[in-house]
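Trainee: Please take me through one part of this model up close. I would like to follow the strands and the side chains packed around them.

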Amino acid sequence: MPLRWTAPLAAVAALALTTPIAIAEAPPAHATQHCFLSADWQNWTAPNPGVIYIRVNSRDIYRLDLSGGFPEIQEPGVHLVNRMAGSEWVCSPLDLQLSIAEDHGGMREAIIVQAITKLTPDEVQAIPPKFRP
């Protein structure tokens, strides 16, 4: 290989090695203000078997509409598990892989999220205080 090709090939190789890291740290190209990092999810409540409210960054509340009802989410001693596969950004229901788990490790049931909606301040105020995360 000619020496004149060594430097450009090394630069391309270095770029190829660093590009996935840069993409993983940035929000997806289609991201809007309604995306959030999964690590910023702080708390959750379930006012009924078909809805979960989550608090993100201590100031934002999102509503997760579930496919079907999951009465178990309202029982004491359960928590949500979100297994991330791929990006850490949550922008659509496909980005969440939720399941319900009991504190003592018994039950584990998958939950399918149909929709994610970032609530407005007025919508948050309309939530009864005991159901605000």
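Mentor: Two strands pair if DSSP finds at least two bridges between them. Strands themselves are DSSP runs of E, at least two residues long, numbered from the N terminus. The model is predicted, with local features needing pLDDT of at least 70 and side-chain atom pairs counting only at pLDDT 80 or more, while totals for chains, interfaces and linings use all residues. Residues are numbered from 1 along each chain as its sequence is written, and side-chain values use heavy atoms, leaving out hydrogens and water.

Start with β5 and β7. They pair in the antiparallel sense, over five bridges. Within this part, Val78 stands opposite Glu102 in β7. Now widen the view. An open sheet of three strands runs in the order β5-β7-β8, with antiparallel pairing. Its edge strands are β5 and β8 (108-111), each pairing on one side only. From one strand to the next, the twist averages 30°; the axes behind such angles are lines fitted to C-alpha atoms, and angles run from 0 to 180 degrees between N-to-C directions.

Next, the packing. A nonpolar core is a set of buried Ala, Val, Leu, Ile, Met, Phe, Trp, Tyr and Cys residues joined through side-chain atoms within 4.5 Å. Buried means under 20% relative accessible area, exposed over 50%, and partly exposed in between, using a 1.4 Å probe and protein chains only. The largest core has 19 residues, and Ile52, Ile54, Leu64, Leu66, Ile73 and Ile111 touch the most other members. Strands β5 (78-82) and β7 (98-102) are among those that each supply at least two residues of this core, as are β2 (41-48), β3 (51-56) and β4 (60-66).

Look at Ile73. Contact means heavy atoms within 4.5 Å. Beyond its neighbours within four places in sequence, Ile73 is in contact with residues including Val78, Ile100 and Ile111. Trp44, Ile52 and Leu66 are also among its contacts. A second, separate core has six residues, including Val51, Ile61, Leu119 and Ile127.

Finish with charges. A salt bridge is a side-chain nitrogen of Lys or Arg within 4 Å of a carboxyl oxygen of Asp or Glu. The count comes to two. In one, Lys118 meets Asp60, with the closest N and O atoms 3.8 Å apart. Lys118 lies in strand β9 (residues 113-118) and Asp60 in strand β4, so the pair ties together parts that are 58 residues apart in sequence. Lys118 is partly exposed at 25% relative accessibility, whereas Asp60 is buried at 15%. Asp65 and Arg63 also form a salt bridge, at 2.7 Å from N to O.

Conventions: Helix = DSSP H or I, 4+ residues; strand = E, 2+ residues; numbered from the N terminus.
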